[in-house]
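Please keep the model open as you go through the points.

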Amino acid sequence: MFNIISTSLKTGVLTEADPFGSHASFGFPIIDFSRCTACDECARSCPTGAIQAATAAPGLKTLSLSYAACIQCRQCVTACPEQAIGVAHDVEVAAYSREQLARTASFDVNAATGRGTLRQVYVQEGLSLPESAARLRDRIHGRLGRSLHVRQVDAGSCNGCELEIAATTNPVYDLERFGVHLVASPRHADVLLVTGPVTRNMEIALHRTYEAAPDPRIVVAVGACGCSGGLFGEGTYAAVGGVDRVVPVDVYIPGCPPRPQAILNGLLVAMGLRQARLGA
């Protein structure tokens, strides 16, 4: 007993005071469209189709990057001949829609050289993710505290996202200090935290779990597979695809897998959304 107390005193408090203040060791690619020449090398190197190149019209190309499908493999970073792709380290990456996770640029293409010149960048309008996170952090110690119950649903995951979700409950990230609790039954849950591409065998189970959760239920898709089907795609023989192909999704947390801080951020975003639906 004395050894345990002594070890605890020497170890001190391990919990991160501000988990959102740290930076992930690996993150999503970020394209500097001003340096991009629309050569399409990044799109050809992407294994999940997160980067898409298209010819919108003669002399006009578009290039889009969707974090919903990105597995953070960095193949695009090494493939870019212009070194226009870097790596971001943000952990506040949750969004309310797939569109908010995408960035698209259009380019005027020189017919003689084949090189593109940036024309315009398109970004989904809405409340920025840092603003959402800051607003929720200001409220978590108030009446939102101790109010969110989460049921995690594995709809076909490789277990990578589950490991990161489990990490949110350890002493370092301490999920429960934000008033978020994991529960065993969807009938007790405010939020369904769904991982994996929804397999054909889990489609009915996920739908029944959603129906069992009481209103106003919130669904959070976790990971690239949950957001878009990831490497497994959508509409294949074995998988339906992203969670939103089976049940409505309110918050998307991209990543392969997302960091514990990103999952925490997504749950806080979901907490604010549920309060809004309750008329708080």
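**Briefing: a strand residue, its sheet and a pocket**

Val 121 touches Phe 33, Thr 104 and Ala 105, leaving aside residues up to four places away in sequence; contact here means heavy atoms within 4.5 Å. This is a predicted model, in which local features need pLDDT of at least 70 and side-chain atom pairs count only at pLDDT 80 or more, while totals for chains, interfaces and linings use all residues. Residues are numbered from 1 along each chain as its sequence is written, and side-chain values use heavy atoms, with hydrogens and water left out.

**Val 121**

- You will find Val 121 in strand E6; helices (H or I, at least four residues) and strands (E, at least two) are DSSP runs, numbered from the N terminus.
- Val 121 counts as partly exposed because its relative accessibility is 38% (buried is under 20% relative accessible area, exposed over 50%, and partly exposed in between, with a 1.4 Å probe and protein chains only).
- Although Val 121 and Ser 106 are 15 residues apart along the chain, 6.5 Å separates their C-alpha atoms.

**The sheet**

- An open sheet is formed by four strands in the order E2-E3-E5-E6, with antiparallel pairing; two strands pair if DSSP finds at least two bridges between them.
- Strands E2 (51–57) and E6 (116–123) stand at the edges with a single partner strand each, so one side of each has no neighbour in the sheet.
- From one strand to the next, the twist averages 25° (axes are lines fitted to C-alpha atoms, and angles run from 0 to 180 degrees between N-to-C directions).
- Strand E5 (residues 102–109) is joined to E6 by seven bridges, and the two run antiparallel.
- Among the bridge partners in E6, Thr 117 pairs with Asp 108 and Val 123 with Arg 103.
- The hairpin of E5 and E6 has six residues between the strands, and there Gly 114 takes a positive phi near 80°.

**The second largest pocket**

- The second largest pocket holds about 150 Å³ of space; a pocket is an open set of points on a 1 Å grid over the protein atoms alone, with protein on both sides within 12 Å along at least five of seven lines, and a volume is the space filled by probe spheres (1.4 Å) set on the points.
- Its lining has 14 residues, with Cys 158, Cys 161, Cys 225, Phe 232 and Cys 256 nearest the centre (lining residues have an atom within 4 Å of a point).
- Helices H5 (160–167) and H7 (223–228) each supply at least two lining residues, and H7 gives the most, with three.
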